Amino acid sequence: MLATESKEQYLAAFNQSRSTRSAGGPSWLEELREAGIASFEALGFPSHKNEAWKFTSVEPISSQSFVHANGAAQSLDANEILSRSFVDAESCRLVFINGVYAPEFSRTQDLPAGVRVQSLAKMVRQNDDFLSVHLGRYARHQHEAFAALNTAFVEDGAVIIVPERCRLTQPVYLVFASVAGERQVMSHPRILILLGAASEAKIVESYIGLNSGTYFCNALTELIGGPDALIEHYRLQQEGDAGLHVGTLEADLERGCQLTAHAVTLSGSLVRNNVHVVLDGEGAACVLNGLYLGDKRQHIDNYTEIEHAKPRASSLELYKGILGGSSHGVFNGKIIVHKDAQKSDARQTNKNLLLSANAAVNTKPQLEIYADDVKCSHGSTIGQLDADALFYLRTRGLGLEEARSILSFAFASDVVARIKIDSLRQRLDDYLVARFRKP
Amino acid sequence: MLDIKNLHAKVSNQEILRGINLHVGAGEVHAIMGPNGSGKSTLAHVLAGRENYEVTSGEVIYQGKDLLTMSPEARAREGIFLAFQYPVEIPGVSTTYFLKAALNAVRKHRGLEELDAMEFLALMKEKTKLVEMDQVLINRPLNEGFSGGEKKRNEVLQMAVLDPTLALLDETDSGLDIDALRVVAGGVNALRRKDRAIIVITHYQRLLEYIVPDFIHVLYNGRVVKSGTKELALQLESKGYDWLKSETAAVQ
């Protein structure tokens with residue numbers, strides 16, 4: 001299919017959804033959708049000519065057709081969904097099947113007063129004023145084709161609101177399970193996270209594919225961190241073997257706000273993670289922490305962009321990739337220090353371990369610095385398992401495969417150690433041990 | 001236990017070992033001395049199975065088996081242990097974690113039951129005492145940020161846990177102060193047993209005051225040029241290696 005045909009297809013799908021969409025929806029949302037599709041019509045799918053997509057072809061997405069799924073027809077096992085997505089049975093969670101809220105798998109009891117964890121569709125039906133103010137405030141649909149598509153097709157997703165000075169100690173999980181059926185489905189989950197001043201929260205987005213069919217999940221999260229808020233955000237991807245995933249995090253941090261954002265990609269055919277953080281207040285800080293494991297013919301692209309917009313903000317970024325089979329990893333780390341952002345401190349590291357001769361990685365730092373009093377550093381490495389370390393372990397009686405698995409596990413360990421939710425870290429540890437043991 | 005016959009080996013196309021002959025019996029402690037570049041460490045690594053060291057001729061028979069056809073891990077499971085001169089640092093793997101996996105691989109090969117976590121910790125507690133090693137260290141990433149002495153203690157600890165039949169100590173004394181040397185040597189001495197052989201490779205006579213060998217061999221230019229009992233070490237100490245170099249040159 002030609003790119004133009006593919007674009008037409010989305011435009012047609014939008015026209016159809018416009019006519020079938022239930023009447024009586026809020027007009028502001030309809031306007032937002034119209035703006036989204038207009039942006040997409042103008043932008044089209046990105047090509048290699050676009051610097052931000054130089055190493056990633058979106059052809060697997062643009063050359064196929066997908067339909068919206070209306071929930072899951074087949075019966076699904078709650079325990080399977082939870083264990084696959086690394087979620088505790090007692091946890092607070094919203095579960096979505098093909099992008100549609102599934103209350104039967106969700107659990108929102110025991111939240112502190114004032115905290116809201118809700119389905120977006122439900123809030124739209126309640127016509128909450130809050131949404132019209134915040135939804136779409138930070139997503140850049142005018143510039144990003146996938147943000148535009150998500151905006152055009154926005155229906156459901158999650159809204160999390162934590163009021164001022166509220167400390168949400170238990171993590172909130174958002175689970176997005178895709179189930180490919182006879183027809184290739186797509187979903188465009190939209191997440192809005194609003195944290196009040198001096199509040200605290202841990203939020204985990206967990207994406208899983210429940211079968212090996214082809215589907216397209218295009219998720220977009222807008223996160224707004226109030227002054228001095230403390231946030232841990234996790235994005236965990238375990239898409240199916242033929243799953244196509246574009247995930248975007250748009251974060252805006254006010255004065256003194258601290259965000260730690262993790263992106264862990266364990267599977268999926270094509271995965272693109274966009275992380276855009278604006279340090280929008282003095283002393284705001286972000287830590288970006290990434291781990292991507294490639295195998296078979298997977299393509300995993302991490303595109304991160306940190307904007308130091310105000311003085312004395314800091315960013316610390318560590319992304320690590322382990323690529324085997326014929327997989328392809330991409331890391332692009334852009335740091336922009338604006339003119340007024342004096343005393344900025346930005347450090348970026350990307351390390352890659354290639355486990356096979358056919359695996360490849362492209363790593364690219366991009367610094368744009370317009371202030372003069374800043375500290376900025378970046379470094380990237382691409383290497384193989386250390387021969388001396390392999391020999392050392394083998395002289396202790398460990399077989400070659402076991403020695404390799406121990407060293408691969410070790411390579412990922414500092415990124416894993418930064419995960420502060422104990423049960424999540426433990427599950428990831430167990431997963432990694434099992435994965436690297438595989439012959 | 002170990003018979004090395006006319007062993008020749010190359011490292012990056014340069015011949016380092018040029019016909020080593022050595023017999024080591026059970027219960028014996030042998031010291032291999034020699035100047036820098038004489039081939040001491042190469043010999044240790046060839047015996048442990050280092051892959052980029054190419055054996056060009058000769059044979060090594062260990063407990064009746066052809067050692068040179070075995071992988072490094074097969075040699076380890078058969079009871080060979082090499083204490084490294086430069087132990088590698090592995091961030092992200094603790095001594096406890098990898099040593100438990102290693103011990104169980106070795107035990108499985110020897111037909112013994114694998115140890116569970118509790119049994120292993122009890123064993124570690126006992127063996128860390130032997131080398132006077134802080135328990136905290138064994139749960140830290142392997143050798144990362146360890147002092148020279150701590151790294152060498154860790155090597156002897158691993159040796160004690162893996163219970164080898166033939167232990168090769170490659171310049172275990174290098175970079176140690178007297179206290180650390182005493183502890184490391186004490187650990188090695190505690191492992192002397194009539195069914196176990198130990199080969200101590202060292203540049204200096206000093207270590208041999210603590211680990212007293214049954215035999216001493218001097219390696220020079222890839223060959224054993226002199227063998228004797230512990231008194232040979234004292235001769236070397238007073239005369240230096242030059243004495244042997246000129247003697248060897250005269251023979252050749």
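Helix H7 of chain A, residues 145-152, is mostly covered in this predicted model. Eight of its eight residues are buried. The buried residues of H7(A) are Ala145(A), Phe146(A), Ala147(A), Ala148(A), Leu149(A), Asn150(A), Thr151(A) and Ala152(A).

Strand E14(A), residues 270-279, has ten of its ten residues buried, so the strand is largely enclosed by the rest of the structure. Burial extends to both faces of E14(A). On one side the buried residues are Leu270(A), Arg272(A), Asn274(A), His276(A) and Val278(A), and on the other they are Val271(A), Asn273(A), Val275(A), Val277(A) and Leu279(A). Strands of a sheet pair through backbone hydrogen bonds, in either a parallel or an antiparallel manner. E14(A) is joined by ten bridges to strand E12(A), residues 243-253, and the two run parallel. Ten bridges also connect E14(A) with strand E16(A), residues 299-308, again in parallel. Leu270(A) takes part in both pairings: it is the bridge partner of Leu244(A), and it stands opposite His299(A) in E16(A).

The secondary structure of chain A as a whole consists of ten helices and 21 strands. Its radius of gyration is 21 Å, close to the 22 Å that the globule rule gives for 439 residues, so chain A is as compact as a globular protein of that length. The C-alpha trace of chain A spans about 70 × 55 × 50 Å along its principal axes. Of the 439 residues in the chain, 52% count as buried. Among contacts in chain A with a separation of 6 or more, 82% are between residues 24 or more positions apart.

Lys339(A) provides a case of an exposed position. This residue is found in the loop between strand E18(A), residues 328-337, and strand E19(A), residues 344-354. With 10 other C-beta atoms within 10 Å, Lys339(A) falls at or below the limit of 12 and is therefore exposed. When its neighbours within four places in sequence are left aside, Lys339(A) is in contact with Tyr370(A) and Ala371(A). Gly324(A) is 15 residues from Lys339(A) in sequence, and the C-alpha atoms of the two are 41 Å apart in space.

Chain B contains ten helices and twelve strands. The radius of gyration of chain B is 18 Å, close to the 18 Å given by the globule rule for 252 residues, so this chain is as compact as a globular protein of that length. Its C-alpha trace spans about 60 × 40 × 35 Å along the principal axes. Buried residues make up 45% of the 252 residues of chain B. Of the contacts in chain B with a separation of 6 or more, 71% are accounted for by residues 24 or more positions apart.

Chain B includes an open sheet of four strands in the order E2-E1-E4-E5, with antiparallel pairing. Strand E2(B), residues 14-24, and strand E5(B), residues 65-66, stand at the edges with a single partner strand each, so one side of each is left without a neighbour in the sheet. The partner of E5(B) is strand E4(B), residues 53-62, to which two bridges join it in an antiparallel arrangement. In this pairing, Ile61(B) has Asp66(B) in E5(B) as its bridge partner.

Between the two chains, 17 residues of chain A are in contact with 20 residues of chain B. On the side of chain A that touches chain B, the elements giving two or more residues are helix H8(A), residues 387-394, and helix H9(A), residues 400-417. The residues of this side comprise eight nonpolar, four polar and five charged.

In soluble globular proteins, nonpolar side chains tend to be buried together. The largest nonpolar core in the model has 204 residues, and those with the most contacts inside it are Ala177(A) and Leu168(B). The largest share of this core, nine residues, comes from H9(A). Ala177(A) touches Ile81(A), Val95(A), Phe96(A), Ile97(A), Ile208(A) and Leu210(A), not counting residues up to four places away in sequence.

How values were computed: Residues are numbered from 1 along each chain as its sequence is written. Chains are lettered from A and ligands numbered from 1 in the order in which they are written. This is a predicted model: local features need pLDDT of at least 70, side-chain atom pairs count only at pLDDT 80 or more; totals for chains, interfaces and linings use all residues. The radius of gyration is taken over C-alpha atoms; the globule rule is 2.2 Å times the number of residues to the power 0.38. A residue is buried if 20 or more other C-beta atoms lie within 10 Å of its own, exposed if 12 or fewer, and partly exposed in between; C-beta atoms are placed from the backbone. Two residues are in contact if their C-beta atoms, placed from the backbone, lie within 7 Å. Two strands pair if DSSP finds at least two bridges between them. Ala, Val, Leu, Ile, Met, Phe, Trp, Tyr, Cys and Pro count as nonpolar, Asp, Glu, Lys and Arg as charged, and the others, Gly among them, as polar. A nonpolar core is a set of buried Ala, Val, Leu, Ile, Met, Phe, Trp, Tyr and Cys residues joined through C-beta atoms within 7 Å.
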